[in-house]
Amino acid sequence: MAYVGRWRVSFLIPALWSLASAQQPSSWTSHDKIALTHLFYWCDAPSGFHYGDAPLTQVTLHPPDSYLSTYSFKDVVFFQREFSDMIAAGIDVALPVFFGNPANVSTWSVPGLQTMVQAEQAMAKAGQSAPKIGMFDDTSSLPALNGGKKPDLTAAAAKSLFYDEIHRFFSNVPQQFWAMIDGRPIIVLYYSSYVSAWDQTTFDYLKQQFQQDFGTTPYIIREHSWSGVTTDAACGWGSSVYGSNTIGDVVRPERRVVLAGGSPVRV
């Protein structure tokens with residue numbers, strides 16, 4: 001989850017925050033505190049897809065049986081329920097975990113994203129609050145996009161491949177639902193270990209192309225393994241294993257957090 005302000009962004013799953021307003025702003029500023037959480041939306045309980053008891057690849061903490069008929073990325077009710085729970089917990093931004101390789105695009109990542117947007121639209125029409133949507137770019141899908149090899153993101157073709165994944169995500173989410181800081185949509189990057197090389201031109205290219213296609217530049221929060229480059233912010237993955245960490249204005253807490261006198265307190 002995330003805080004923005006003196007602590008600009010902090011990630012936690014789950015998290016508690018001050019109650020969200022009935023209507024999320026069109027954009028936060030770099031002085032605001034915001035809370036973000038990842039959203040793994042690939043489950044389809046009716047078919048058993050990404051659902052079962054195996055750690056890492058399936059769901060080990062199951063929802064109530066009454067949820068199962070609609071516990072699916074194919075069902076608008078699934079996302080409405082998830083979003084309502086997020087708002088009740090004070091979460092401002094959902095970060096769908098996006099895979100851009102063809103196998104996942106055709107099965108769940110894009111179809112699920114489209115269902116997610118339908119849920120946002122239905123909740124907006126009903127006057128219900130829902131979190132804004134940022135992108136969690138799961139870079140583990142990049143080798144699959146590059147013929148099974150880690151792409152070299154200093155090369156023109158690989159830069160285009162990297163950007164195409166991001167473009168696909170934002171092309172499927174109407175701008176009214178984007179989570180933005182200073183008018184710039186949020187992108188959070190997973191580990192750099194799935195690419196063979198990168199440099200500042202990788203991110204310069206991404207911003208240039210995004211500006212050309214969408215009329216603004218993204219607010220990039222990179223995992224700190226993307227070293228030697230400058231982005232808007234950085235975070236560290238793995239707090240559940242290694243403990244909470246703070247990088248600049250980004251806090252990724254170890255466990256649940258509540259606010260006490262304006263300061264995060266671990267519980």
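Start by selecting β2: six of its six residues are buried (under 20% relative accessible area, with over 50% exposed and partly exposed in between, using a 1.4 Å probe and protein chains only), so β2 is largely enclosed by the rest of the structure. Strands here are DSSP runs of E of at least two residues and helices are runs of H or I of at least four residues, both numbered from the N terminus. The model is predicted, so local features need pLDDT of at least 70 and side-chain atom pairs count only at pLDDT 80 or more, while totals for chains, interfaces and linings use all residues. Residues are numbered from 1 along each chain as its sequence is written, and side-chain values use heavy atoms, with hydrogens and water left out.

Show the side chains of β2. I34, L36 and H38 point one way, A35, T37 and L39 the other way, and all are buried. In a regular strand the side chains alternate between the two faces of the sheet.

β2 and β3 run parallel and are joined by four bridges; two strands pair if DSSP finds at least two bridges between them. L36 has V93 as its bridge partner in β3. Follow the chain from β2 through α1 to β3: this β-α-β crossover is right-handed, meaning that, with the strands pointing away from the viewer, the path from the first strand over the helix to the second runs clockwise.

Next, the aromatic rings. The whole structure holds 26 aromatic pairs, counted for rings of Phe, Tyr and Trp (its six-membered ring) with centres within 6.5 Å; planes under 30 degrees apart are stacked, over 60 edge-to-face, and the rest tilted. Select Y41 and W108, an edge-to-face pair with 5.1 Å centre to centre and 70° between the planes. Y41 is in the loop between β2 (34-39) and α1 (76-88) and W108 in helix α2 (residues 102-125), so the pair links distant parts of the chain, 67 residues apart. Both Y41 and W108 are buried.

Then go to F162 and W226. Their ring centres are 6.2 Å apart and their planes at 15°, so this pair is stacked. F162 sits in helix α4 (residues 156-171) and W226 in the loop between β8 (219-223) and β9 (233-235), 64 residues apart. F162 is buried at 1% relative accessibility, and W226 is buried at 0%.

To see a cluster linked by ring pairs, select F40, Y41, W42, Y51, Y71, F78, F79, F83, F99 and W108. Then select R81, which lies over the face of Y67 at 3.9 Å from the ring centre; the criterion is NZ of Lys or CZ of Arg within 6 Å of the ring centre and within 35 degrees of the ring normal.

Move to S141, in the loop between β5 (135-137) and α3 (142-145). S141 is buried, at 1% relative accessible area. A polar atom of its side chain lies 3.4 Å from the backbone nitrogen of G100.

Most residues other than glycine have a negative phi.

Finish with the cysteines. C43 is buried at 5% relative accessibility, and C235 is buried at 2%. The whole structure has zero disulfides, a disulfide being a pair of cysteine sulfur atoms within 2.5 Å.

Technical notes. A polar contact is a pair of N or O atoms within 3.5 Å; within protein, one must be able to donate a hydrogen and the other to accept it, and residues adjacent in sequence count only if both atoms are side-chain atoms.
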